Amino acid sequence: MDCRACPSIRGEARISPGPIIWQSPLWIVDHAYPTSLPGWVVIEPRRHVEELHALTAGEWADYAVLLPAVVTALRDVTGCAKEYVVCLAEAEGFKHIHFHVVPRMADQPESLTGPRVFGYLNPAPGEEVPAERVTALSEQLTARLRELLG
């Protein structure tokens, strides 16, 4: 199996330079990387699953509580005007289901809104969000999620 998410979720080969933002028994929240958009997070099931229909009722129930909290925390921490939620899981090495939760900033250029927001992923070297900023945002999101989820 060629899954880059599983080792990152287990903490063996982290993709994000920051800490995991949130962990429940079934899901994790992590900062996407590399991206040039601060606050772009992903929600991933802890177990390897490649199709939405393969998620269990328990996973869906936990996700239904987690997603609104993540959206609220993202808005509170980044000040975004809107949030996007996208699930495709088709990229090579990333077929593990993951939901992108993306801040849409008020001053975001029109050329990077809607589906074009994916232009922020995999930026040229040196244009990614610095590791220190990813860490700081991750810690702020963790603190806000603790307030929201207990």
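A salt bridge here is a side-chain nitrogen of Lys or Arg within 4 Å of a carboxyl oxygen of Asp or Glu. This is a predicted model, where local features need pLDDT of at least 70, side-chain atom pairs count only at pLDDT 80 or more, and totals for chains, interfaces and linings use all residues. Residues are numbered from 1 along each chain as its sequence is written, and side-chain values use heavy atoms, leaving out hydrogens and water.

Q: What makes Glu110 and Arg116 a salt bridge?
A: Their side chains come to 3.6 Å, N to O. The cut-off is 4 Å, so the pair counts.

Q: Why is Glu110 called exposed?
A: Exposed means over 50% relative accessible area, buried under 20%, and partly exposed in between (1.4 Å probe, protein chains only). Glu110 has 57%, so exposed it is. Arg116, at 42%, is partly exposed.

Q: How do you know that Glu59 is buried?
A: Its relative accessible area is 2%, and the limit for buried is under 20%.

Q: What does Glu59 pair with?
A: Glu59 forms a salt bridge with Arg47, with the closest N and O atoms 2.7 Å apart. Arg47 is partly exposed, at 36%.

Q: How many salt bridges turn up in the whole structure?
A: The search finds 6. Asp76, Arg144 and Glu147 are linked in a network of them.
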